[in-house]
Amino acid sequence: MPPIKRTKFKLAPEQLLEMFYWVKLIRGFDERLSILVKQGKVRSGVYSGIGQEAIIVGTCFGLRREDYICPLHRDLGAFLMKGVDARTMMSQMFAKDTTLSKGRDSALHSGVPELGIFGNTSMLGANLPVAAGLALTFKMERTDNVVVAYFGEGASNVGDFHEGLNFAGVHRLPVLFICENNQYAYSVPLEKSMAIDDVADRAQSYGFDGVAINGNDVLAVYQATQGALARARGGDGPTLIECKTYRWHGHSEHDKAFYRTKEELAMWKSRDPIPTFTAYLKGLHALTDEQIKEIEARVTATIDDAVAFAMDAPEPKPEDAVTDLYA
Ligand SMILES: Cc1ncc(C[n+]2csc(CCOP(=O)(O)OP(=O)(O)O)c2C)c(N)n1
């Protein structure tokens, strides 16, 4: 085996392998959920992130426990990367008693403060002023922790987006706004909801940088994130990173997505983030066929175990429906 080539990303070989593991685990999780939904076994709505994994891995890799993420309905992988174990995550989709929220909310609306995960709500864009508020706390406490907030291009058309970014820009807050531009907001294509091409351009109005990048390239996302993290930690304020991508499935698993063409889907599938990343790692001599097999086996075992655990887990207790209420 030739020596591993050095890269500009300053990542050790084992870190590149870890990234590959995450990409495969997140894809595997979503693929399995898609099957389980069809079998009628999942109670939660499932908003597949298949096709968008590079964004989650590139932005979450190397975050600190203390950093906060504000994930959305399609960001299951971010929960896993921030430290929610596979069993808990799968039980969450099954709405069992062993979960983050014991079946009391839409699965990915849960928060886990001890892991730095802020719970989202259904109102799109509403997480962005909250992210700015979290970042303000970090600034006031004089920590160098950072908030990473996710949103779709559809959400960038609501008022909360503009208020959140404006506030973050005015106060130079340590927050990364990560746009997962997957071309559709439910059935509405980008060109019917925006008169500009790049969501990234909107950052300029709020006094900070916005960049549009290939959201299907794990290392491009990682590189952009690392630059933005360094600026945020150093007191230089927010960055908007628009990751151009595509969701392979419908808005949710019950949406057959008849509003788009087979050709369009095929074109984007040819830009699948996983083969690109695999080829890159193999080219660096950082990944062998044996390692791929070993990682795939580990991913399958992790998911099998999580599904078995979730299926056998106890149901939530009716009386718990009114516990943990904040009022
Ligand atoms: C303020 C608001 N308007 C409308 C909806 C209904 N809705 C839920 S998901 C969705 C599409 C979201 O598109 P986007 O923000 O691009 O994210 P994506 O689902 O594509 O990842 C819509 C319109 C909502 N939840 N909140």
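Me: How many cavities of 30 Å³ or more are there?
Reply: The count is two. Bear in mind that this is a predicted model.

Me: OK, what volume does the largest cavity have?
Reply: About 90 Å³. It is lined by 15 residues, and G45, Y47, H73, M93 and L108 are the closest to its centre.

Me: And what's that lining like by class?
Reply: Seven nonpolar, six polar and two charged residues.

Me: What about the second largest cavity, which residues line it?
Reply: That cavity has a volume of about 60 Å³. Its lining includes I26, D30, Q52, E53, R74, D75 and E180. By class, the lining has five charged, three polar and three nonpolar residues.

Me: Which helices supply at least two residues each there?
Reply: α1 (13–38), α2 (53–60) and α3 (76–81).

Me: How far is the H73 side chain from a ligand oxygen?
Reply: An N or O atom of that side chain is 2.8 Å from an oxygen atom of the ligand. N182 has a polar side-chain atom 3.0 Å from a ligand oxygen, and for E153 the distance is 3.3 Å.

Me: How much of the ligand does the protein bury?
Reply: 73% of the 590 Å² that the ligand exposes when taken alone.

Definitions and conventions. Residues numbered from 1 in each chain as written. Predicted model: local features only at pLDDT ≥ 70, side-chain atom pairs only at ≥ 80, totals over all residues. Heavy atoms only, no water. 1 Å grid on protein atoms, 1.4 Å probe; cavity = no way out; pocket = protein on both sides within 12 Å on 5 of 7 lines; lining within 4 Å. Points joined across faces, edges and corners; volume = space filled by probe spheres on them. Nonpolar A, V, L, I, M, F, W, Y, C, P; charged D, E, K, R; others polar. Helix = DSSP H or I, 4+ residues; strand = E, 2+ residues; numbered from the N terminus. Polar contact = N/O pair within 3.5 Å; in protein donor to acceptor, adjacent residues only side chain to side chain. Areas by Shrake-Rupley, 256 points an atom, 1.4 Å probe, with all protein chains shown as cover.
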